[in-house]
Amino acid sequence: MTWSCSDYELPYDPVGPPPEVTGVRVLFVASDPPWPITSGHAQRMVHAVRGLARVGEVDVFTLTDPARGHPGLPECEPVARWEQSARPSPTASRSRWVATLRPGGLPLALAGRNFDEARARLNDFADGAYDLVWVDAADTFSALGPVLPQAPLVVDLDDREDLKAAVRTRTLMADSARRPLRWPRLAVQTALGRREAAGWRRLQFEAVAAAQQVVVASELDADRLKGMSATVSVVPNGGSEPTAGWKERAKEPGSAPFTAVFCGLLTYPPNVDAARLLATQVAPMLRSHIPGASVRLVGRAGDAVQAFHDPPRVVVTGWVDDLSGELAQADVAVVPIRFGAGTRIKILDAWAHEVPDVSTTMGAEGLDVRDGVDLLLAETSEALAAACTRLITDASLRAAIVAEGRRRFDESHRWSEVEAKVAAVAGDVLTANS
């Protein structure tokens with residue numbers, strides 16, 4: 001399958017002159033294919049590749065889910081070569097748990113998987129010398145690190161899995177605190193969560209120790225890595241520019257029906273948890289304030305989220321080709337994330353489309369937001385519903401938040417700016433090793 005640039009969601013449109021350094025070779029390695037773009041993380045990978053293409057010729061090697069097949073490379077992407085290897089299936093469940101629970105064990109996502117075939121394929125693919133290797137995420141480094149070419153290494157830790165596991169454990173503890181019948185189960189989940197967090201911390205420390213440069217998505221994560229041996233640089237996430245004509249489709253704020261939207265990959269555990277909270281707790285409270293209010297859960301969804309589909313009160317759209325169309329019809333974007341890491345691209349997308357955000361503090365983590373200025377922050381279901389209502393009843397507040405969000409997007413979160421930062425990091429590493 002080869003995509004044409006005209007059909008591609010985010011066509012490659014380089015900013016600035018072509019690479020000035022000739023003969024530079026870069027290897028980009030990831031645990032998932034960037035193409036097709038099905039998640040915020042895939043967007044970050046795509047634009048990292050485009051940024052690297054500003055400094056040299058880029059080869060891409062990724063693992064992939066065997067059930068997904070071999071997606072084709074869009075012909076407009078600046079990639080010299082692309083190779084994939086099937087992500088190995090785990091061994092029996094019991095063996096995975098043993099591998100995870102033993103001292104120094106791997107996180108469950110990696111335990112019980114044999115990466116020998118993938119390593120052999122990468123070793124064959126990475127022919128010749130590279131001037132720079134860019135690795136996306138600690139799990140990729142753990143799986144493929146032993147056969148990475150000898151070259152200056154950059155590791156992108158935009159999504160801290162150790163923090164995600166730790167916060168998820170605290171969330172489970174809070175949910176079960178008043179349910180004595182769940183305490184035995186909670187004890188097991190807590191122990192596993194702590195072991196997962198410890199396993200991810202170890203892998204991330206190994207990746208940082210091997211890297212010449214580490215990239216994170218926020219100043220907050222950069223502060224968390226202070227004291228490590230590698231240099232840490234911030235490459236923020238970006239948001240998608242609205243498609244042409246989106247403003248003509250935009251609804252009048254407050255016109256019926258009131259629509260709250262939550263966008264994301266709805267098979268990703270933090271998003272699944274947020275969708276459940278929004279559909280089952282926030283939505284009924286919102287309708288008590290605004291009769292007829294509708295919640296739209298936008299993105300590829302598994303069975304757990306599909307179960308919430310109850311139109312018109314809750315609509316699970318599944319995958320949509322035009323995110324701008326959904327955001328143009330939204331009164332507010334709700335981000336009820338309770339655990340996770342990195343920064344939420346869904347907030348940036350709303351800023352770009354001039355839709356005000358209501359978010360938990362965790363949902364807005366890493367973006368250095370100000371409550372009542374960039375968005376509204378709320379922690380409970382009642383407070384989230386009340387904040388959504390406030391953005392409809394207070395037109396001046398809504399207008400101010402929309403304007404500031406768009407300013408923040410224009411200033412710091414365009415993907416073209418992200419690509420420039422990736423190119424700058426790569427250029428610094430190349431210069432330091434020339």
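A polar contact is a pair of N or O atoms within 3.5 Å; within protein, one must be able to donate a hydrogen and the other to accept it, and residues adjacent in sequence count only if both atoms are side-chain atoms. This is a predicted model: local features need pLDDT of at least 70, side-chain atom pairs count only at pLDDT 80 or more, and totals for chains, interfaces and linings use all residues. Residues are numbered from 1 along each chain as its sequence is written, and side-chain values use heavy atoms, leaving out hydrogens and water.

Q: Which backbone oxygen does the side chain of Thr 389 reach?
A: Thr 389 lies in helix 13. Helices (H or I, at least four residues) and strands (E, at least two) are DSSP runs, numbered from the N terminus. At 3.0 Å, the side chain of Thr 389 reaches the backbone oxygen of Ala 385.

Q: Is Thr 389 buried or exposed?
A: Buried means under 20% relative accessible area, exposed over 50%, partly exposed in between (1.4 Å probe, protein chains only). Thr 389 has a relative accessible area of 15%, so Thr 389 is buried.

Q: Which residues does Thr 389 touch, not counting residues up to four places away in sequence?
A: Contact means heavy atoms within 4.5 Å. With residues up to four places away in sequence not counted, Thr 389 touches Leu 286, His 289 and Ile 290.

Q: How many disulfides does the structure hold?
A: A disulfide is a pair of cysteine sulfur atoms within 2.5 Å. Cys 263 is buried at 13% relative accessibility, and Cys 388 is buried at 1%. The number of disulfides in the structure is zero.
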